[in-house]
Amino acid sequence: MKRRTFRRGIHPPERKATAGRPVERLPAPEKAFVPFLQHFGKPAIPLVKAGERVFLGQKIGEAAGTFSSPVHSPVSGKVLALDLHPFPSGTPVLTAAIENDGLDTRAGDPEKPADPFILSSETILQKVREAGVVGMGGASFPTAVKLAPPPGKPVDTIIINGCECEPVQTGDHRLMLESPEEILKGAELIRLAARAGRIVFGLEENKRDALESLRGSVDGRAVELVLLRTKYPQGAEKMLIQALLGREVPRGGLPFDVGVVVQNVATAKAVWEAVSEGRPLTERVLTCGGPGIADPKNLSVRIGTPIRQVIEFCGGLKEGAGLVVYGGPMMGLAQSSLDSPVIKSTTGVLAFPEGRPEAERACIRCARCVDHCPMGLMPTRLARLARFAVFEEAEKWGTMDCIECGCCQYICPSRIPLLSWIRLGKNRIAARKSGKGAA
Amino acid sequence: MTGPGLIIESSPHWRDKDTVPRIMVRVLIALSPAVLASIYYFRWRAVLLYLVAAAACLATEAAFFWARKKPISSLFDGSAVITAVLLAMCLPANLPLEMAAIGGVVAIGIGKQVFGGLGHNIFNPALVGRAFLAAAFPAAMTTWIPPTTLAVDTATFATPLADLRFHDALVHGTLASLKNLFLGNVGGTLGGTSALALLIGGAYLLVRRAIDWRIPAGVVASLSLFTGAFWLAAPDRHASPLFHVLSGGLLLGALFMATDYVTSPLTSSAKWVYALGIGLVSGLIRLFGGYPEGVMYAILFMNMFVPLIETLLRPRILGERRRR
């Protein structure tokens, strides 16, 4: 049977060696580093001071408005300092350093509703927001905002994203195998919160066992489970919506515009825990792997754990490993410091050997970037326009539509840093639009 | 395990294995059946022409690299050798060798390097060299010898297309048979003779996805439709579309020259327009022009329009409303 999918895209080697390894729990760190910015939007406002004692799960940062999210302490213990600390994006961020007393003391018993499925949409959203749930697939958009459609844009379909199309990563795969019940219950709460009619659950063909696991837990709920072709970037929102529903999100628009909300499986599980147990988001599953890691594993890690500790738990970096990445090999962020903490959106901590840089050649117009761009763009043209600083033209040819999946740069036989040039174009166009001139 | 020593680079962190030199090698592999066929039909003349063209192309490329202070290593990316083979393939077997050398110098110098080298030229370099030779040495460029496998009167020997155009071969019944055309047992350029060898190489490129099927398909379809219309109207005066497809440089052009990455469009829709244009212009020249063969000029003509076609036919971006 020919599986549904989106147009174009690539198929890099999957290298999902850890797919068969159950999630292990990483011991809590002695010192946790909890950034106040772990989400798309404004940083949270600190609620604690140095020297203060905190409980496990205590809110230590309050959301600064709608486009923000609270943050919670992943351990119980003492706040040592609030200071700038290395952060995955490369720019240091205000971070609470918390000394773990090892007791995991909670403030008290959280409120647990008898039947979460009879809660109102507003109550679910409020609990999701309070628990600091954000998109855990990497984008870290505040989930409560994503679940509240703007007036006049009703949502008919919830898509649960179990694609995990990035190579090497297997955290979502393990979650679907080990916690199908929680994911599906979370999906149902998401459906109720967004007042949508149905749930469509998409996952890639290479996770057939996860499909079986989920099927066993569907339990009469209106969930359509769909196996999609294994192809990158299947898990990108616009590609997933196209593959599952045949709808195209309009240019510059959001999934709301076609009546859809997409949520990642880990987020669905976090929503379930937030609503049914009042548990804030202070721990997440990730893959620590790649050819530079001695003993790759899937781990459940407390937010705020320095990645050094994650890597050491997996046998450390192998000889010659020179590239450490948050996320996957296609879209991940390279790290300069192993002191950076795991945050809510950390899907993986991967290490790769230091590759030999290959010389860039002139574009021979082979058209591979065009043939593989899932957005239907002409990457080589966009890159050239950015290179020659013709930003108005670059915008006309669709620079702002680029989703930065990296297919073009991956496939380019001339080794041109196409995506870097396109990013430059995006930055300049955005800066010009916000009236600030060149950033 | 400390911070310093870690590499910072932006995503994606992985690269596909394929590189430009590998692609060029694939094209050379695809050309090899036609090269071997030409050596079979024209023996040492073919070998000499390939060698002279290659030497001229590589020397010219090296001279430009030296003058522009570019690394000489790019000489071995394979592109200059491909230009040399393609140039030799559109020359008559008995062309004086110094003319072939001039063709090579012009192909690389004027056709490619003055534009900035690989990737920057507008016109197919091999065809620029060929066009220059056709203008500079018109007699030598249209003097043909029969393949060593064909026993004919060499004094009045011509290509099947010239027979058709100037010697009323259709009326006299002396036109080359389709079988001889297919195998290459006819007069003509080195690479334009054996349709079979070209098709084998072209099939390899299509299977390896090194060329886009739309271009050869579009060229062959539009030439067939155009010549087919005239053939149906007056079969006694016009040759069949199959004759046109198998003769001259049509397959060489459609499979190996029109598909040149640098000088063909990037997008599918633009490729169709470009390919249909090449077939149509070839047909026009063959039926109504002053030359019996028109594929070379048709490709050069359409090369010129590539930027325009691409600009007019911007592909639809995902989520964009369908235009018109």
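In what order do the four strands of the open sheet in chain A follow one another? The order is S2-S8-S7-S4, and the pairing is antiparallel, where helices (H or I, at least four residues) and strands (E, at least two) are DSSP runs numbered from the N terminus, and two strands pair if DSSP finds at least two bridges between them. The model is predicted, so that local features need pLDDT of at least 70 and side-chain atom pairs count only at pLDDT 80 or more, whereas totals for chains, interfaces and linings use all residues. Residues are numbered from 1 along each chain as its sequence is written, while chains are lettered from A and ligands numbered from 1 in the order in which they are written.

Strand S2 (31–35) and strand S4 (53–54) of chain A form the edges of this sheet, each pairing on one side only. Within the sheet, strand S7 (residues 77–85) and strand S8 (residues 93–100) of chain A run antiparallel and are joined by eight bridges, with Leu84(A) standing opposite Leu94(A) in S8(A).

The domain assignment, whose bounds come from an automatic or database source, gives chain A domain 1 (29–103 + 282–353), domain 2 (116–277) and domain 3 (368–433). The centres of domain 1 and domain 2 of chain A, taken over C-alpha atoms, are separated by 24 Å. In the contact between these two domains, 29 residues of domain 1 of chain A meet 22 residues of domain 2 of chain A, two residues being in contact if their C-beta atoms, placed from the backbone, lie within 7 Å. On the domain 1 side, two or more residues each are given by strand S6 (71–72), strand S13 (283–289) and strand S17 (348–353) of chain A, and S13(A) provides the largest share, five residues. By class, this side has eleven nonpolar, 16 polar and two charged residues, with Ala, Val, Leu, Ile, Met, Phe, Trp, Tyr, Cys and Pro counted as nonpolar, Asp, Glu, Lys and Arg as charged, and the others, Gly among them, as polar.

Chain B is divided into domain 1 (20–140) and domain 2 (159–310), whose centres, taken over C-alpha atoms, are 21 Å apart. Their contact takes 32 residues from domain 1 and 28 residues from domain 2 of chain B. Helix H1 (20–42), helix H2 (44–67), helix H3 (79–89) and helix H5 (125–136) of chain B each supply at least two residues of the domain 1 side, of which the largest share, 14 residues, comes from H1(B). This side of domain 1 of chain B divides into 25 nonpolar, five polar and two charged residues.

Between the chains, 33 residues of chain B are in contact with 50 residues of chain A, and the chain B side comprises 15 nonpolar, eleven polar and seven charged residues.
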